[in-house]
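Me: I have a protein model open and would like to learn how to read it. Please take me through it one feature at a time.

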Amino acid sequence: MKNTLLHKKGVKVALAAVVLLMAALCALPLTVHAADTEIYDITITADLREDGSALMTEVWDVNAIGDMTEWYIAKPGHKGNEYYISNLSVTDENGNTFTVVDNWDVDASREEKAGKCGILDTGDGYELCWGIGEFGPHTYTVTYELSNPVQSLQDAD
């Protein structure tokens, strides 16, 4: 009976942690720079793993207009015991998987960034970047691993 109570408490703690994680992710700033560019919808899913990491999936339904060359998601604050991002993957509405670039060049042209993605460490956090390719409507699926999103401390989880 004691194990059952501990299991129920553990499930409640895990569920509360997922809810807090989702609330925190929604509070992170969304940064887009381009005149007349539209974001119709962003759906974020977090699959929490037993080791405390999370597989994040963001589906972006957007329309790129103007002189922009890339999309990026700002993820501030990865210092100390906070989180780390790895294994970025981006696919478009046609199922094309973008090539991961180790050193993302924010100054590259739209043509140079097309079909590519990368993680930029800004020193204050990360930017998950990918080239827009052609102007117009797109649906991008962005996945990445988030380490350490849930922590268990002496006085809180």
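Me: What should I know before I start?

Reply: This is a predicted model, in which local features need pLDDT of at least 70 and side-chain atom pairs count only at pLDDT 80 or more, while totals for chains, interfaces and linings use all residues. Residues are numbered from 1 along each chain as its sequence is written, and side-chain values use heavy atoms, with hydrogens and water left out.

Me: What is the mean pLDDT of the protein?

Reply: pLDDT is the predictor's confidence in each residue, on a scale from 0 to 100. Here the mean is 80, and 70% of the residues reach 70 or more.

Me: Which strands pair with strand 8?

Reply: Strands of a sheet pair through backbone hydrogen bonds, either parallel or antiparallel. Two strands count as paired if DSSP finds at least two bridges between them. Strand 2 and strand 8 are antiparallel over 11 bridges, and strand 4 and strand 8 are antiparallel over 6 bridges. Glu145 in strand 8 is the bridge partner of Leu55, and Ser86 also stands opposite Glu145.

Me: What is the strand order in the open sheet?

Reply: The open sheet has 4 strands in the order 3-7-6-5, with mixed pairing. Strand 3 and strand 5 stand at the edges, each with a single partner strand, so one side of each is left without a neighbour in the sheet. Strand 6 and strand 7 run antiparallel and are joined by 5 bridges; in one of these strands, strand 7, Leu128 is the bridge partner of Ile119.

Me: Where is Asn87, and what is its phi?

Reply: Asn87 is in strand 4. Its phi is positive, about 55°, although Asn87 is not a glycine.

Me: What share of the residues is buried?

Reply: Buried means under 20% relative accessible area, exposed means over 50%, and partly exposed lies in between (1.4 Å probe, protein chains only). Buried residues make up 32% of the 157 residues.

Me: How many residues are in the largest nonpolar core?

Reply: In soluble globular proteins, nonpolar side chains tend to be buried together. A nonpolar core is a set of buried Ala, Val, Leu, Ile, Met, Phe, Trp, Tyr and Cys residues joined through side-chain atoms within 4.5 Å. The largest one here has 23 residues, and Trp71, Val90, Trp130 and Tyr140 have the most contacts inside it. Two or more residues each come from strand 2 (54-64), strand 3 (70-76), strand 4 (84-91), strand 7 (125-131) and strand 8 (136-147). Strand 2 gives the largest share, 5 residues. Not counting residues up to four places away in sequence, Trp130 touches a list of residues including Trp60, Trp71, Val90, Cys117 and Tyr140.

Me: How many disulfides does the structure hold?

Reply: A disulfide is a covalent bond between the sulfur atoms of two cysteines. The cut-off used is a pair of cysteine sulfur atoms within 2.5 Å. The structure holds 0 disulfides.

Me: Where does Cys117 lie, and what does it touch?

Reply: Cys117 lies in strand 6 (residues 116-121). Beyond four places in sequence, Cys117 touches residues including Leu88, Val90, Phe98, Cys129 and Trp130. Cys117 and Val90 are 27 residues apart in sequence, yet 6.8 Å apart in space, C-alpha to C-alpha.

Terms used: Contact = heavy atoms within 4.5 Å.
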